Amino acid sequence: MSLTKPAFPAPDHDHGRCTADALTHAEAVCEQRSQKFTPIRRQVLQALLSSHRPLGAYEVIDELAKSMPRPAPITVYRALDFLMANGLVHRIESRNAYLACAHDHDATSAVAFLICERCGLVGEIQAAPFAQGLNQAARSSGFAPRLSVVEITGTCTHCQTSS
């Protein structure tokens, strides 16, 4: 897994370019895996890309309803499941919300989410070294770990400098 993007985008970053790059990445991932990037999957991902904040499923539905007939919740949940399975979206457990991801990894990669308590932005960092230690400890107790996700709350660099 390579995380070449900063954990938190600069407040003045080119969000249009950011979104376009993420959609291009999603198209490439789906093509490489022979998966269909259907219009509804694209629209759900675009809704999540509307900001760098996690959205709940019903917030995704509300965002989609601004430009199309309101989709059924099951349709959005199926799209979210597909996007998560292909590493294009993460679920932020503590927020019961979803976050678009343009990093090059699959759904089983170890990541840590940095959740800003002030602005609500969520950054992502590599957590493989940390997760390996946890997984090793779990295995030594007879547990078979499947997925490691770490959520860390605090204050992002942008909020720290604007205080």
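How many bridges join strand E1 (residues 89–92) to strand E2 (residues 97–100)? Select both strands: four bridges join them, and the two run antiparallel. Strands (E, at least two residues) and helices (H or I, at least four residues) are DSSP runs numbered from the N terminus, and two strands pair if DSSP finds at least two bridges between them. The model is predicted, so to speak of local features requires pLDDT of at least 70 and side-chain atom pairs count only at pLDDT 80 or more, while totals for chains, interfaces and linings use all residues. Residues are numbered from 1 along each chain as its sequence is written, and side-chain values use heavy atoms, with hydrogens and water left out.

Four residues lie between E1 and E2; in the turn, Asn-96 has a positive phi of about 50°.

Next, select the open sheet of three strands, ordered E4-E3-E5 with mixed pairing. Its edge strands, each pairing on one side only, are E4 (122–126) and E5 (149–154). Strand E3 (residues 111–116) pairs with E4 in the antiparallel sense over five bridges. Within that pairing, Val-111 stands opposite Gln-126 in E4.

Now move to helix H3 (residues 57–65) and helix H4 (residues 73–85). Their axes come within 10 Å and cross at roughly 110°; axes are lines fitted to C-alpha atoms, for helices over the stretch in contact, and angles run from 0 to 180 degrees between N-to-C directions. H3 and H4 are therefore roughly perpendicular to each other (65 to 115 degrees). To display the contact (heavy atoms within 4.5 Å), select Ala-57, Tyr-58, Val-60, Ile-61 and Leu-64 of H3 together with Pro-73, Val-76, Tyr-77 and Leu-80 of H4.

Finally, turn to the largest nonpolar core, which has 26 residues. A nonpolar core is a set of buried (under 20% relative accessible area, 1.4 Å probe, protein chains only) Ala, Val, Leu, Ile, Met, Phe, Trp, Tyr and Cys residues joined through side-chain atoms within 4.5 Å. Val-44, Leu-45, Leu-48, Val-60, Leu-80, Leu-83 and Val-89 have the most contacts inside it. H1 (15–32), H2 (39–48), H3, H4 and E2 each give two or more residues, and H4 supplies the largest share, six residues. Select Leu-83: leaving aside neighbours within four places in sequence, Leu-83 is in contact with Phe-37, Arg-41, Val-44, Leu-45, Leu-88 and Val-89.

Terms used: Parallel < 35°, antiparallel > 145°, perpendicular 65-115°, else oblique. Buried < 20%, exposed > 50% of the residue type's maximum accessible area, 1.4 Å probe, protein only.
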